[in-house]
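Keep the model open while you read.

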Amino acid sequence: MYIQKIHKNYGRSLEASICFERVLLQEPKYLKAYQNLQNTKCELVERWHFRMLNDVVRNAAYKRAIQNQIKAGHDEVLDIGTGTGLLSLYALKCEGIRKVAACDGSEIMVQIARDVFGANGLSDRICLFQSFSQDLKIGDKFSLIVTETLDSGAFGEGILETLIHAKQNLLLPEGRIVPSQVVLYVSGYRSRALTASNILINEHFSSDFNLPSNCLISKEGIKCYDAEDVSRIKANDDFVFVTDTVCAMTVDFNDLECLVRCQEGLEVDQFELSCLDDGILDGFVVWFDLELDEDNKISTDPTTATCWNQAIFKLNQRLPVTKEQRLSLTMSCKDGALAISHNLNSMDNQISIDEHVLEYLNDAEYYNKLTTDIEEMEDLEKVLDLSLFPYTGLKLLKEGKTSMLFCLDRAEDLIEFIANQNDIPMSAIMLLSSLPEAFLLNDYTLDLIILQPVDVFGQINSEHFCQYQSLFPKLKPTGSIVPSRLELHGSIVHSDWIVKCCRVENPELHQFHIDRYLSTLETENHLDLGPFTYENLAEPAKLTDVHFDGKLHEADMQLALREPTDPAHIHAILYYYQIEFAPQKEFLSTQRVQSFAKRSAFIIPKDAFQGGNGNAQAGQENDDNEEDGGQPARTKVNRVNINIVQNHGVIKCNLLDCQ
């Protein structure tokens, strides 16, 4: 049933992407289709796949390990979870290889792999199956199985179950598995950014509504672990190791008994961590060393550059710890689910809410600015608060500044809890199941409408903006809508990290033609950007006003670069928002470390500068120089011209040319 569902979803996503592309061919400025196409591409091939393919250290280690095993006589290879077929290509290129087969459960990845094998003239030398390895119906057995079906917590993609089946049904008795074993490490950490999505830490909110500590926890926090790129968070000085690091578990992938014990939960490793100093503990981070063979190892250590994220186990409280305090923990992986057990979580009664609502509540600057600007308004008898959580409307009710609040019911339990804690009658709150229910209100009813201008991923809340004109008649003549203005700001940036998340950059993969077949699934809009490494090539500037409607708006503008730049170094337009809640009030930016709304970026297509530099002027400073072994230097540019289109509450920035 699960496999059928996956195939069905992939089929629908592929069909949907084709439909969106056809719509855009007919109407390129219909941006709702553009947005849906970007989202569908992410469903078809997740962005981590590009990071993985661009990880030259990972690829080289796998290549050497496969070569070593084939040279040692393991010359019949099965590649499980082949993806684009890279590991199979390594095997097929080895001298002495006798047989190669590959399988993958994803329809789109099998299509890409098939095209890649054909482009390399290898279609007749490999058997490719669209199937999970447990469902393969072949009589052959293999002397070497290679796989890279590991997530940030090592076992989350079902590698234990996969390898148990493979050793019992697909591998010859003397056969080998690459990777050979995994070694997991654990350390304790402190990080506000990670905690803000898990528990309530905004003291202003807690104080305003008389909430006890640790009363709110993310629904998602109940699951085993999150996957996070710790190196990016550390770059923002928001991640500190607060304990020593210990080796917690080792699993031998070539030992069937070890695999079975782990899968059945019989392999349980107990260990202790020692706190480095007095401080706060927010949770535990896990990474692993993947030993491919005796000579080749890959590490997902967060201090190294790797395509893998790390596994984050969050506590449901910020726990004070003292220097040299010992913490006892247990690690297991029953049914392939990595778990850490301890007695450090709070046992208080808690309310579970969506993690994005928690991030919103924990943005203290946004909370203070919104509530302060609105509290200065007068005659707010009836309020419609469509925020991620209606804390402003609830605060107005508590303070007696409004008599009726209309809001969405997505956090109904928390709304009722706050009402009870603060003697707010529920009869003064009308819960709406969706935005369209607001249109059932009588016209000229509301004194204030609070919209949610931007979502947590860094996109405009298109539903609210497209419905703005329809909501306006619900206001009394003296009524107001918040925010009063929204501006899109941004800058031109250079970032190797961001392009490696969006397209194939590894030269080796160009030789294999993998980039050709993945290029159709590259995205132009990277959402939900936390901290990452980049260089501003231009001063941040206002790009456009965001219009409160669903109509077509278009504008061109020019951004001056800080210094003459090779156009190939222009990677993206990093963008964010400036919000004016009330007229003539100071703007609040989403370009803040603790902003609930993440930044996003429009990726400059790789071919944007092919065939020249657009309108780059001749006679720039490097025009007559020679670099790179006598090759003419590329003309550098000073300015970039961009086109900004807004339609149906979606914005798109296009690079026109550079000069």
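## Ground rules

This is a predicted model, so local features need pLDDT of at least 70 and side-chain atom pairs count only at pLDDT 80 or more, while totals for chains, interfaces and linings use all residues. Residues are numbered from 1 along each chain as its sequence is written, and side-chain values use heavy atoms, with hydrogens and water left out.

Helices (H or I, at least four residues) and strands (E, at least two) are DSSP runs, numbered from the N terminus.

## Helix α4

The buried residues of α4 are R58, N59, A61, Y62, A65, I66, Q69 and I70. Viewed down the helix axis, they fall within an arc of 165 degrees (taken from the directions from the axis to the C-beta atoms), so they line one face. An α-helix has 3.6 residues a turn, so residues three or four places apart point the same way. V57 and K71 are exposed, on the other side of α4. Here buried means under 20% relative accessible area and exposed over 50%, with partly exposed in between (1.4 Å probe, protein chains only).

N54 sits in the loop between α3 (48-53) and α4 (56-71), and counts as buried at 7% relative accessibility. Where does its side chain reach? It gets to the backbone nitrogen of E505, at 2.6 Å. That's a polar contact (N or O atoms within 3.5 Å; within protein, one must be able to donate a hydrogen and the other to accept it, and residues adjacent in sequence count only if both atoms are side-chain atoms). Skip neighbours within four places in sequence, and N54 is in contact (heavy atoms within 4.5 Å) with K500, R503, V504, E505 and N506.

## Rings

The whole structure has 24 aromatic pairs. Rings of Phe, Tyr and Trp (its six-membered ring) pair if their centres lie within 6.5 Å; planes under 30 degrees apart count as stacked, over 60 as edge-to-face and the rest as tilted. Y185 and W287 are stacked, 6.3 Å centre to centre with 20 degrees between the planes. Y185 belongs to strand β6 (residues 181-190) and W287 to strand β11 (residues 279-291), so this pair ties together parts 102 residues apart in sequence. Y185 is partly exposed at 22%, whereas W287 is buried at 6%.

Y360 and Y391 are stacked too, with centres 5.2 Å apart and planes at 25 degrees. Both residues are buried, and both belong to a cluster of linked ring pairs that includes F205, F209 and Y366.

Most residues other than glycine have a negative phi, and most peptide bonds are trans. V178 and P179 are joined by a cis peptide bond, omega about 15 degrees; another joins V482 and P483, omega about 5 degrees.

A154 isn't a glycine, yet has a positive phi of about 70 degrees; at 0% relative accessibility, A154 is buried. H513 also has a positive phi, near 70 degrees, but is partly exposed at 24%.
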